[in-house]
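Hi,

Here is the structure I said I would pass on. Have a look at it first, then read my notes below.

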Amino acid sequence: MKALTVGGAMIDTIAIIASDRIERMSMINADSSFLLLEEGRKTDAVEISASVGGGAVNAAVAMARLGFDVGTLVKLGKDVRAEMVLSRLLEEGISTRWVMRDGRAPTGASVLVSSHDRNAAIFTFRGANTLLEIADARAEAFACDLVYVSTLSNESADAFPAIVARAKKEGALVATNPGVRQLSSRGGAFQESLARIDILTINGAEADVLVPSLVARFGEGGRGLPLNPGETPPRLLARGFVGGGHELGLTALLAGLRRLGPRYVVVTDGRHGAFLGTEDAILHCPVLESRVAGTAGAGDAFSATFAAQLALGRSAEEALICGAINAGSVVGHVDTQSGLLSSPELDKRLAATAGSLKVRRWSH
């Protein structure tokens, strides 16, 4: 089965700092926490390493290990960082036919500072990732079974409608995992493209950005979901979504987005699991309990694996569990790719978790 991933390529520099060497401040009335860095002071690190990352590359590696024939459409600079990315793609057996080099900007890079619960603070330089243009999306690149579009940076997001249109014209299953910047700055074009998207995966913060436009179309509120006596609702079900002074319940958000086109709408919530809205039901999958070395790349692993498993013909429930398993493996490593599983290993772990990773289902 053939797949194409589109989006970002980065070189990640990861600094792991012991919890007793960096202070953390947590907000009482919000979900945010902050790592506090003292000006002018050197802080000893447990480890500092460099690895290849970026949404499109992470997804390509995930799919290649799951047995897909994968190519990736990314833009790199003409620099040493680009050579690192290309070497990594070739190492994983990923086609570089659609990788472009552009001398106008260096290859993207990021610095991750990981401490305490290992949910890293990330400094990002997008570089050449912002230079993807409509002309770069050649029609022949999209002749495949699955097209996965990760976050597109800045001006590259202008090419998003053309990318999904070309993918759908070629008959591909189209999946996307956009970012907050893309949704907030180019939300109108994004929502107009939803009719051509089969699988939409966003996190809670990204869902909040969509609230005002969804409320304008469909209204506020939204019904709850029935719970068993003593059952604690997953966080997003209890919290809902807030944006632009408006509130929207989970069921209304999922229903609204599905009315705009996608057959599958996934909203992830970190360690609190993920919700999926389909034509027949709403499902919630908890996370797989894992030792956490770093959370970077877990979202890419989850969304790419979910899309890949649907493309392979698995049920939505099995695809959710597979996404949770692969994400749970990724967080056991500091980088975004070392934990990505092969297809035989994923199947083995899927069989081992039967009955222990229970998906909650609410039928419509």
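Below is what turned up, one region at a time.

First, some ground rules: this is a predicted model, where local features need pLDDT of at least 70, side-chain atom pairs count only at pLDDT 80 or more, and totals for chains, interfaces and linings use all residues. Residues are numbered from 1 along each chain as its sequence is written, and side-chain values use heavy atoms, leaving out hydrogens and water.

After α3 comes Gly171, with a positive phi near 85 degrees.

Now find Gln182 in helix α4, residues 180–185. Is Gln182 buried or exposed? It counts as buried because its relative accessibility is 3%. Leaving aside neighbours within four places in sequence, Gln182 is in contact (heavy atoms within 4.5 Å) with several residues, including Phe160, Leu152 and Phe190. A polar atom of the Gln182 side chain sits 3.2 Å from the backbone nitrogen of Leu152.

Over in strand β4, residues 33–36, you'll find Phe34. Phe34 has 39% relative accessibility, so it counts as partly exposed.

Cheers

How values were computed: Helices (H or I, at least four residues) and strands (E, at least two) are DSSP runs, numbered from the N terminus. Buried means under 20% relative accessible area, exposed over 50%, partly exposed in between (1.4 Å probe, protein chains only). A polar contact is a pair of N or O atoms within 3.5 Å; within protein, one must be able to donate a hydrogen and the other to accept it, and residues adjacent in sequence count only if both atoms are side-chain atoms.
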